[in-house]
Amino acid sequence: MKGRNMTRWRDPAKDPRQEPKSNLITAEGADRLRGILDHLSRVKRPALSAKVGEAAALGDRSENADYTYNKKELNRVIARIRYLTRRLDELQVVDRLPADTDRVYFGAFVTLEDDDGEEMRIRLVGHDETDTAKRWISVDAPLAKALLGKSLDDEATVAAPGGETTYVITEIAYRDPQA
C-alpha cells in the first residue's frame with residue numbers, strides 16, 4: 001500500500017517521539033495556554049461556526065469552496081480545543097522557586113560559556129512552551145538534561161551534531177513565579 005499518508009517505519013524503542021515527556025510547565029506558560037484555549041473557544045469557534053452556517057445556506061455544498069474551507073478550519077480549531085483541554089488537565093504547574101536556587105532546575109535562566117568564549121543565555125521550560133527565538137529549551141532536551149542539578153562554574157558536556165560541546169555555567173537566575 002503506497003500513498004501520501006505512508007510514513008517510514010521507526011523502531012518504537014529508538015524513536016525519540018516515543019520518549020516520555022515531562023508534564024511540567026511554568027505558571028506563565030499555563031496562563032498562555034489557557035488564554036489560547038479561551039480565545040479559540042470564545043472567539044474563533046463561534047466565528048467559524050457562523051461562517052459555515054452562512055456558506056451552507058447558499059445551497060449546494062459539494063462545490064462550495066467557502067463551506068469546505070471553513071468546515072475544515074472549524075474542525076481544526078475543535079481538535080486544537082480538545083488537545084489543549086486534555087493537555088492542561090495533565091500538566092503540573094511549577095509555581096514556586098526551588099529550595100536551592102544555586103543549582104540549575106526547572107525554570108532557571110542559565111548563562112553558558114562555550115570553549116570559544118561565546119556566551120548564551122537559555123531558560124529551562126516545559127516542552128509546551130519552548131521558543132527558539134527566546135532561547136527557551138525543553139527540560140527534556142539533551143542540553144537541559146546535562147545542566148540539571150549543576151551549580152555555578154560546573155561544566156556540562158553535550159553531544160551535538162558537530163561533536164561534543166562543553167559549556168561552563170557562568171550564571172544561574174530564577175524569576176519569582178509569584179511576582
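The model is predicted. The chain holds 3 helices and 7 strands. Its radius of gyration is 22 Å, whereas a compact globule of 179 residues would have one near 16 Å.

**Overall build**

- From the N terminus, the order of elements is β-α-α-β-β-β-β-α-β-β.
- Along the principal axes, the C-alpha atoms fill a box of roughly 70 × 50 × 30 Å.
- Of the 179 residues in the chain, 32% are buried.
- Take the contacts between residues at least 6 apart in sequence: 57% of them join residues at least 24 apart.

**Surface and charge**

- The accessible surface of the chain is about 12100 Å².
- Carbon and sulfur atoms account for 48% of that surface.
- The chain carries 30 positive and 32 negative charges.

- L37 sits in helix α1, which spans residues 27-57.
- L37 counts as buried because its relative accessible area is 16%, under the 20% cut-off.
- Beyond its neighbours within four places in sequence, L37 is in contact with I81, L84, T85 and L88.
- L37 and G117 are 80 residues apart in sequence, and their C-alpha atoms are 42 Å apart in space.

**G126, in the loop between β4 and β5**

- G126 lies in the loop between β4 (119-125) and β5 (136-138).
- G126 has a relative accessible area of 0%, so it is buried.
- Leaving out neighbours within four places in sequence, G126 is in contact with L24 and F106.
- G126 and S22 are 104 residues apart along the chain, yet their C-alpha atoms are separated by 7.0 Å.

- R135 is not a glycine, but its phi is positive, at about 65 degrees.
- R135 is also in the loop between β4 and β5.
- R135 counts as partly exposed because its relative accessibility is 41%, which falls between the 20% and 50% cut-offs.
- D153, likewise a residue other than glycine, has a positive phi near 70 degrees.
- D153 is in the loop between α3 (142-147) and β6 (155-160).
- D153 is exposed because its relative accessible area is 58%, over the 50% cut-off.

Conventions: Residues numbered from 1 in each chain as written. Predicted model: local features only at pLDDT ≥ 70, side-chain atom pairs only at ≥ 80, totals over all residues. Heavy atoms only, no water. Helix = DSSP H or I, 4+ residues; strand = E, 2+ residues; numbered from the N terminus. Buried < 20%, exposed > 50% of the residue type's maximum accessible area, 1.4 Å probe, protein only. Contact = heavy atoms within 4.5 Å. Rg over C-alpha atoms; globule rule 2.2 N^0.38 Å. Areas by Shrake-Rupley, 256 points an atom, 1.4 Å probe, with all protein chains shown as cover. Lys, Arg positive; Asp, Glu negative; His and termini not counted. Charge placed at Lys NZ, Arg CZ, Asp CG, Glu CD.
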